[in-house]
Amino acid sequence: MQPESSPIELTAVFARIQTMLLSQEHAVVAVHQLAQVAQDLIPSVAGAGVSLIDAHGTRTSTGATDHLVETADALQYDLGNGPCLSAWATATLQRINDTTDDDRWPQWSTAAAGSGIRSMLSVPLVFQDRCLGTMKVYATVDNAFTGHEEQQLGLLAAVAATLLGSAQTAEAPQQLSVALQAGLKDRQAIDRATGMLMEQRSTDPDDAHAVLLTASLTRGRPMAEVARQILQRHPDPGN
């Protein structure tokens, strides 16, 4: 099992992002470099991408590490659905363990599997209650990603969203720290709620995580918010 990432271990990555984004004039350059950071951060990744999306669901800027990612992302926009669009619309993380048996976006999953993509993570870029887009990573083997990778990509996305959203303002360094702290608190809430559901339902982490995700999508609320409600009131969101 991989060790949990800490803010100290990710300091060099965050410093690289801060320097890069605050010195870039155009978002199109920033998203390409952010995609590369995501691929470098998670060893199991075969390709990564970042998409900035406006309020109407239209891409305003897209960066990818290779053609496979570009094709997979473009197909979602052609179809009008897929894990990244769902991550953007619901502001919640989306995870596919195996594209060959995932039926949430059947056309996209079938095409992705045919191109060699077997698993993926997509995380929303949220800044001040606005979802700016998504950051996503792809793998060519099934079940490539666990909660460890979710945490890594989530922290990276939180920092990237803050710096993209505050584009070259004096407040960016302070907001970077706030975003990191908030990301860690969200992760802790989700982990605690997952543990509570595992105990209530006598189930494993993946099934408990699926209950949280389903409740998040149904209510249209971020997963961390649903997790905090569970911790406060102890309801079972599957009921």
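**Notes on the predicted model**

1. Gln 128 is exposed, its relative accessible area being 57%. The residue lies in the loop that joins strand 4 (119–127) and strand 5 (130–139), and although Gln 128 is not a glycine, its phi is positive, at about 50°. As background to this point, most residues other than glycine have a negative phi. Please keep in mind throughout that this is a predicted model.

2. Asp 129 is not a glycine, yet it has a positive phi of about 65°. Is Asp 129 buried or exposed? With a relative accessible area of 81%, Asp 129 is exposed.

3. Turning to the chain as a whole, there are 9 helices and 5 strands, and read from the N terminus their order is α-α-β-β-α-α-β-α-β-β-α-α-α-α. Of the 239 residues in the chain, 49% are buried, while the accessible surface comes to about 11200 Å², with 51% of it belonging to carbon and sulfur atoms. Among the contacts in the chain with a separation of 6 or more, 59% are accounted for by residues 24 or more positions apart.

4. How do helix 3 and helix 5 pack, and at what angle? Helix 3 (residues 67–79) and helix 5 (residues 106–114) have axes 10 Å apart and pack at an angle of about 155°. Since angles over 145 degrees count as roughly antiparallel, the two helices, helix 3 and helix 5, are therefore described as roughly antiparallel to each other. The crossing in which helix 3 passes helix 5 is right-handed.

5. The residues that make this contact are Ala 72, Leu 75, Gln 76 and Leu 79 on the side of helix 3, and Gln 107, Trp 108 and Ala 111 on the side of helix 5. Sorted by class, the contact of helix 3 with helix 5 has 5 nonpolar residues, 2 polar residues and no charged ones.

6. Helix 4 (residues 83–90) is mostly covered, with 7 of its 8 residues buried. The buried residues in helix 4 are Pro 83, Cys 84, Leu 85, Ser 86, Ala 87, Trp 88 and Thr 90. Helix 4 is followed by Ala 91, and the phi of Ala 91 is positive, near 55°.

Definitions and conventions
Residues numbered from 1 in each chain as written. Predicted model: local features only at pLDDT ≥ 70, side-chain atom pairs only at ≥ 80, totals over all residues. Heavy atoms only, no water. Helix = DSSP H or I, 4+ residues; strand = E, 2+ residues; numbered from the N terminus. Buried < 20%, exposed > 50% of the residue type's maximum accessible area, 1.4 Å probe, protein only. Contact = heavy atoms within 4.5 Å. Areas by Shrake-Rupley, 256 points an atom, 1.4 Å probe, with all protein chains shown as cover. Axes fitted to C-alpha atoms, helices over the stretch in contact; angles between N-to-C directions. Parallel < 35°, antiparallel > 145°, perpendicular 65-115°, else oblique. Left-handed = near helix turned anticlockwise from the far one by under 90°. Nonpolar A, V, L, I, M, F, W, Y, C, P; charged D, E, K, R; others polar.
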